[in-house]
Amino acid sequence: MKKYIIMLFCLCISLSINAQDDLLNELDKEVKQETYELPAFKAMKIGNLQSTKVADKGDFYLIVSHRFGTLKNGLKTFFGFDDANTKMQLLYSFFDGVQFSVSRESLNRTYASALKVRLYKQSSKFPVNIVAYGTANINTLIDETQYPNLKFGDRMSYAGQLLVSRRISKNLSLQIAPSFVRQNLQDLRITKDLHHNQFVMGFGGRMKLSKRMSVNADYAYNFNRAKNSLYKNPFTLGLDIETGGHVFQLLFSNAQSTNEPGFLSNAEGNWAKGNVFFGFNVVRVF
């Protein structure tokens, strides 16, 4: 009898040890599971440059953007308020990590559609966020009286970007954005040379000041712009303010357009000469 009791006791101990090992193995697996960092940016744009933020599945956004005229004209145009450019954008995410948007900008009466797709998220196993972005724009202001040989394709411009960001710390996020722009119609009086295909490198960052405020900046260098072109590389400096379901972005930029082909290729202002545009983005999620 004692022999059976000892055998039963040993069996219980063995089962207990195996159960503990299984539990420890499960805990090890949980510890090793991938953990994701907080998003690098709070809004869809850093300033003018697209950020790596992508709408969550089922989220619907209304984005209103204003870029007033140049501050350089002073009271003559009430510091640009008489020459405002307004853009209305509707954005929806049908699938996780994928968003689609349509918009209309008053500058050149431009209609645009855009697709944004998240490829990778920054995590304990991957160092950066990677997002692909593409947009197609139609300029409906130009007509046959200006360009007698105008074709529909001449109204089109396109941009494609690979957005790569990293949340460096609790307060600092940085991003690079190699970009390609295609403009089918160009004005040689301004561009000087024909460069339909343009390669651009964008840079941006966000420095958090408080729980609801941050300073943002972005810049883009166009490798294909003619040296004597009247257009400049765009630089934007702004302030983000979060208020519940809204994000207000106040900014100054030397580009009045908010569409990628517009500000990446056709930034008409010059910071050195005070030719700067004040504006804001209002982002509302439903």
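Modeller: The structure holds three cavities of 30 Å³ or more. This is a predicted model, in which local features need pLDDT of at least 70 and side-chain atom pairs count only at pLDDT 80 or more, while totals for chains, interfaces and linings use all residues. Residues are numbered from 1 along each chain as its sequence is written, and side-chain values use heavy atoms, with hydrogens and water left out.

Colleague: How is a cavity found, and how much space lies in the largest cavity?

Modeller: Rolling a probe the size of a water molecule over the atoms shows where empty space is left. On a 1 Å grid over the protein atoms alone, a cavity is a set of points where a 1.4 Å probe fits but cannot get out; a pocket is an open set with protein on both sides within 12 Å along at least five of seven lines; lining residues have an atom within 4 Å of a point. Points are joined across faces, edges and corners, and a volume is the space filled by probe spheres set on them. Here the largest cavity has about 110 Å³. Its lining has 15 residues, with Met44, Lys45, Gln50, Ile63 and Gln89 closest to the centre.

Colleague: Which element gives the most to that lining?

Modeller: S2, with three residues. Strands (E, at least two residues) and helices (H or I, at least four) are DSSP runs, numbered from the N terminus. Strand S1 (60-70), strand S2 (85-95), strand S3 (98-105) and S12 each give two or more residues to the lining of the largest cavity.

Colleague: What is the volume of the largest pocket, and which residues lie nearest its centre?

Modeller: The volume is about 740 Å³. Of 30 lining residues, Asn108, Asn139, Gln183, Tyr231 and Asn266 lie nearest the centre. Strand S5 (129-139), strand S6 (156-167), helix H2 (188-191) and helix H3 (260-265) each supply at least two residues of this lining.

Colleague: And the nonpolar packing?

Modeller: In soluble globular proteins, nonpolar side chains tend to be buried together. A nonpolar core is a set of buried Ala, Val, Leu, Ile, Met, Phe, Trp, Tyr and Cys residues joined through side-chain atoms within 4.5 Å; buried means under 20% relative accessible area (1.4 Å probe, protein chains only), exposed over 50%, partly exposed in between. The largest such core has 18 residues, and Leu49, Leu163, Val181, Val200, Phe263 and Leu264 have the most contacts inside it. S5, S6, strand S7 (172-183) and H3 give two or more residues to this core.

Colleague: Is asparagine 281 buried or exposed?

Modeller: Asparagine 281 counts as buried because its relative accessibility is 2%. Asparagine 281 lies in strand S12 (residues 277-285).
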